[in-house]
Amino acid sequence: MAKRNFVEMATKLSDVVGGNIYLRSISKGVMPNLPIIIIGSFASLFAGLPIPFWQSFIQSAGLVTILNMVVAATTNMLGVYFTYGIAKAYAKNLELQADLVPILAIVAYLTLSPLADPEASSANFAYTYLGTKGMIVGIFVAIFTVKIFKAIVDAKIVIKMPEGTPDYVSNSFVSLIPGFVVIIVAMVVRALFGLTPWGNIFDCLYNLLQIPLTAIMGNNVIAMCIFQLITQLLWVFGVHPGFLASLTGPIMFGLDGMNQAAYAAGEPIPSVIGMAFSYAMTVAVVYPAFAVAVALFSKSSQLKTVGKISVAPAFLGISEPLIFGVPVVLNPFVAVPWIITPMLNFVLGYLACSSGLVAKYAGVTVFNFPMVATGLLNGSVSLAIMEVVLFVLDVLVYMPFIRMQDKKYLADEASAVEAEAGQES
Amino acid sequence: MKKIVLLCSNGMSTSMMVAKMKDAAAKSGYDCSIAAYALSDAKQVATDADCILVGPQVKHKLGQVQQDCPGVPAAAIEMKDYGMMNGAAVLKAARKMMGEEV
């Protein structure tokens with residue numbers, strides 16, 4: 001009964017979150033930026049690598065400026081790119097046909113952005129909020145741009161061109177009125193926020209929403225453990241937990257962006273936790289440990305087969321053969337280490353990183369990279385060593401449970417053989 | 001030629017399954033197209049399929065898939081076949097769903 005209730009609850013939750021058009025648009029809009037995030041992480045990595053001869057080389061060769069320009073164009077502009085992606089995804093979800101919409105969202109975003117030099121008489125952009133610090137405003141801007149645009153198009157308040165006008169001409173006129181309205185709304189919002197103590201919408205939402213959200217969901221090892229517990233439990237009940245990641249993803253990418261920027265600038269990394277840390281502690285280390293434990297400690301033909309097919313994909317972040325082959329699903333023997341190991345890694349990893357025993361992850365997002373590479377690419381050999389230690393520890397945690405499972409399968413297989421032999425004789 | 005579509009959360013783990021099914025199809029000389037996609041793309045890629053299979057981890061989304069692709073037989077892949085990446089068994093199940101004698 002408990003199982004049924006949990007699965008129903010999980011399914012409902014996943015429908016609510018996965019079916020929510022805003023959350024879906026946000027994750028669909030953020031995800032295509034992954035290559036940009038990765039390119040930016042590599043640029044920060046090479047710019048900030050704290051090896052003296054490398055630093056003197058890139059300084060003298062003038063490479064440091066070039067690398068930092070890449071960081072500026074990728075990581076430090078993610079707020080703009082997310083806004084574009086989210087507006088595009090949301091418009092698509094609403095079946096709104098207008099190529100202009102995501103570009104218009106960027107125009108509105110920039111119209112709202114604070115000034116770098118408020119004393120100057122001409123307009124100027126501040127870089128501060130073009131990166132992940134402007135993410136929350138970006139989400140709102142993208143959603144409202146689409147909403148306003150759609151409302152006006154639906155109300156048919158558009159300029160109609162006489163028949164016979166080429167499509168591309170008339171389309172650009174159709175977008176004109178909604179475009180004007182969106183930008184006028186942005187101007188009004190900008191003026192209104194000028195009257196608040198924050199001075200602009202970015203400072204306001206960053207302080208009121210993004211800092212507390214980051215504190216609750218991001219830089220908090222207990223909250224991470226709770227999220228991870230739910231993630232692992234969902235797998236135990238055979239439900240894909242992807243919808244949870246769409247909740248925490250933007251915040252985690254935000255933390256990574258902050259860490260990367262600090263690393264590239266040679267400053268101390270502000271946050272232990274981020275997407276890079278989280279990926280390394282869970283998927284990158286736990287999946288291979290699980291697969292290797294299955295491959296090493298089993299004699300039954302079922303587990304041997306699963307071990308053989310699951311090791312390589314496990315190192316690349318894919319766990320389905322383990323989850324359904326061992327299986328993890330509805331199997332108390334294996335659910336225990338499955339749930340314990342990522343949480344154990346979180347706590348030990350957090351302690352090691354925050355105490356200074358090892359470095360902090362530089363925020364280099366390395367989805368589907370194998371462990372050790374995840375540590376090295378985050379700027380430190382110490383992280384790679386920590387991952388190996390955690391990996392060995394996880395293998396040991398899995399060992400007794402895999403052996404129990406294996407014994408059971410061996411007995412099953414033996415009795416199946418006996419039954420067959422009995423039939424034949 | 002029959003079109004078989006596999007769907008999972010991102011189309012990643014089912015693409016492993018696709019490779020195994022293609023092997024099985026080639027071995028038995030069965031001519032078909034098999035491809036994996038993300039669930040959210042079902043409407044765009046699977047409405048003209050002859051058969052849809054979803055990964056067991058997204059079994060609870062089967063109703064949504066059936067709604068998005070009316071008239072296409074759809075089912076979840078057996079958990080064990082998925083875990084063992086048993087391409088032959090899954091291909092057989094797909095052919096049965098399409099009403100073929102196997």
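This is a predicted model: local features need pLDDT of at least 70, side-chain atom pairs count only at pLDDT 80 or more; totals for chains, interfaces and linings use all residues.
Residues are numbered from 1 along each chain as its sequence is written, while chains are lettered from A and ligands numbered from 1 in the order in which they are written.

Let's start with chain A. Helices (H or I, at least four residues) and strands (E, at least two) are DSSP runs, numbered from the N terminus. The axes of H13 (residues 242-264) and H14 (residues 275-297) of chain A come within 7 Å and cross at roughly 110 degrees. Axes here are lines fitted to C-alpha atoms, for helices over the stretch in contact, with angles from 0 to 180 degrees between N-to-C directions. H13(A) and H14(A) are therefore roughly perpendicular, a label for 65 to 115 degrees.

Now over to chain B. Its open sheet has 4 strands in the order S2-S1-S3-S4, with parallel pairing; two strands pair if DSSP finds at least two bridges between them. At the edges sit S2 (32-38) and S4 (74-76) of chain B, each pairing on one side only. From one strand to the next, the twist averages 20 degrees.

How many bridges join S1 (residues 2-8) of chain B and S2(B)? They pair over 7 bridges, in the parallel sense. B:Val5 stands opposite B:Ala35 in S2(B).

Definitions and conventions:
Angles under 35 degrees count as roughly parallel, over 145 as roughly antiparallel, 65 to 115 as roughly perpendicular and the rest as oblique.
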